[in-house]
Amino acid sequence: MVHLIEFCGKYAALDVESGSVHAIDREAMRVLTFKNAGKTNKQIRNDLGEGVEEVLQEIEELEQQGLLYSDPAENLSELKFNTPVIKALCLLVAQDCNLRCSYCFAETGEYHKNRALMSFDIAKKSLDFLVKHSGNRKNLEVDFFGGEPLINFDVVKKTVEYGRELEKKHDKIFRFTLTTNAYQVTDEMAEFLNREMKNVVISIDGRKEVHDKMRRDAGNHDTYDRVVKNAHKIVDGRGDKEYYIRGTFTHENLDFGGDVVAIADEGFDQISLEPVVTAKEYAIREEDLPQLKHEYEMLARHYVKRRKDGKGYNFFHFMIDLNSGPCLNKRLRGCGAGSEYLAVAADGSLYPCHQFAGIDKFYMGSVEEGTVDAGIKQAFCDTHIFTKKGCEECWAKYYCSGGCAANAWFDSGDLKTPYRIGCEMEKKRLEAAIAIKTFSDELV
Amino acid sequence: MKHIKTVTKNNLKDTLISGGCGECQTSCQSACKTSCTLGNQKCEKKEK
Ligand code: SF4
Ligand code: SF4
């Protein structure tokens, strides 16, 4: 399968099965379009004239080298997706929050249940559970999430300390991460986060007015200025450790490129801005897609321009590694929700991932019992690009790996029916990422 | 070549044999928490 990309007046071709990428000219674009439509070389010569001979020869040469129209690996769909071990947990250490964001999928921390803080006992049992279920995987991931995890800072601290003990005992490495709204960050917290967390994700939505419209505190005040100040307190002390400023865009700010720029202008250089999940009135609609796609194009150009000017930043979805990146096994398996990644609610209940937390149908057991619902785990293991509708034929499959199971579920009530609007955005982001790698400075 | 310039030569299929250790980061943990774009993830083996 060959996917043809037209981006800001430039053309590229992705050979899906090998992962090879080519910059192509207009003529090659025309010929490949005909080939993709199933025309034979003879028909193409007939339709486009003898002048296309040179292009056809180049295509043939690349086909022989396995760089165009290459075949999929044999029996790929029969690969055994052996039951994976659990290697990552998302701990909802605080199902409560000091903000009241309008679009919060966790209902400002409640997760369809009551507000609650995780006890140290449950957090400890969660780490024990993870070690026990991780087989011989060495690298284990624990994300402190909420609500707002820093309102339960004491438990976060003790949990990390306990994790460090377990590392030695069991020859494991814990990679701790934390996602915060940065509303309440003391110097002690910042210092701790910068010492212990492999990655810190800070929620800022972009332009002040966009942020303040959605992200209000409990007294209904603006939060932007305070949050940006606190974010700097963390980021400025991080050295070369990872962080992300992570925003959400909704139907209300379809010109989200302006928000990415605003975050970069605030002096942050690791940025991720994501479409809202599930919040009905703010949800992205089908009719928003043309504008969103245009926005990703504009953003790609801005991204390249800033790099050229020596003021570059990283945008999460544009940072795709075309040369190596993860192995095919990983690309087939997807996000790992419900199989190698689980969420633990404040009371110790297990769910396939943070987005499913609190939904009774997806209750998978508890860290106290230490068992996992085999049926739900299997259902998630069985959800991959060969079982999801339309994925096997999709050019983006090895980069998207079947999309977000939660998005699929909330959209259609079926884990195996991808969220179509999400697919469209994903594909556009990938095209942008490929175009940036392929054309770089020529895009501006 | 005049019309087609190869920017990235790749063979994903080879990684089927070399890969699969499972030590790499869970995709959703990295930054976005709402998608599993994993083209941008690093392979632990290559990192070493
Ligand atoms: S973009 Fe959609 S159809 Fe394509 S692989 Fe991803 S989820 Fe499947
Ligand atoms: S289902 Fe979606 S939100 Fe949950 S881990 Fe997977 S990609 Fe992330």
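Predicted model: local features only at pLDDT ≥ 70, side-chain atom pairs only at ≥ 80, totals over all residues.
Strands here, like helices, are DSSP runs numbered from the N terminus, with E runs of at least two residues for strands and H or I runs of at least four residues for helices. That pairing belongs to a set of six bridges by which strand β6 of chain A, residues 139-146, is joined to β7(A), the two strands running parallel; strands pair if DSSP finds at least two bridges between them.

Residues are numbered from 1 along each chain as its sequence is written, and chains are lettered from A and ligands numbered from 1 in the order in which they are written.

Staying with this pair of strands, β7(A), residues 173-180, is mostly covered, with six of its eight residues buried. By buried I mean that 20 or more other C-beta atoms lie within 10 Å of the residue's own, whereas exposed means 12 or fewer and partly exposed is in between, with C-beta atoms placed from the backbone.

Which residues touch the most other members of the largest nonpolar core? That core has 146 residues, and the ones in question are A:L91, A:L92, A:I234, A:I271, A:A300, A:Y351 and A:A435. Helix α15(A) gives the core its largest share, eight residues. Because domain 1 (2-72) and domain 2 (88-318) of chain A both give residues to this core, the core lies between them. A nonpolar core is a set of buried Ala, Val, Leu, Ile, Met, Phe, Trp, Tyr and Cys residues joined through C-beta atoms within 7 Å, and the domain bounds come from an automatic or database domain assignment. The C-alpha centres of these two domains of chain A lie 42 Å apart. As for A:I234, if we leave out residues up to four places away in sequence, the residues that it touches include A:A182, A:V185, A:L193 and A:Y243; contact here means C-beta atoms, placed from the backbone, within 7 Å.

Let me turn to ligand 1, which is surrounded by 14 residues, the closest being A:C391, A:C394, A:C400, A:G403 and A:C423; a residue is counted as near if its C-beta atom, placed from the backbone, lies within 6 Å. Helices α13 (397-400) and α15 (420-439) of chain A each supply at least two residues of this shell, and α15(A) contributes the largest share, three residues. The shell divides into seven nonpolar, three polar and four charged residues, where Ala, Val, Leu, Ile, Met, Phe, Trp, Tyr, Cys and Pro count as nonpolar, Asp, Glu, Lys and Arg as charged, and the others, Gly among them, as polar.

In the segment after α15 of chain A lies A:S440, which has a positive phi of about 40 degrees although it is not a glycine. A:S440 counts as partly exposed because it has 13 C-beta neighbours inside 10 Å.

Helix α1 of chain A, residues 26-36, has A:A28, A:M29, A:V31, A:L32 and A:K35 buried. Among the elements covering those buried residues are β3 of chain A and β1 of chain B. Just after α1(A), A:G38 takes a positive phi of about 90 degrees.

I will finish with A:D265, which is found in helix α9 of chain A, residues 257-265. Is A:D265 buried or exposed? A:D265 counts as exposed, because it has 12 C-beta neighbours inside 10 Å.

How values were computed. Contact = placed C-beta atoms within 7 Å.
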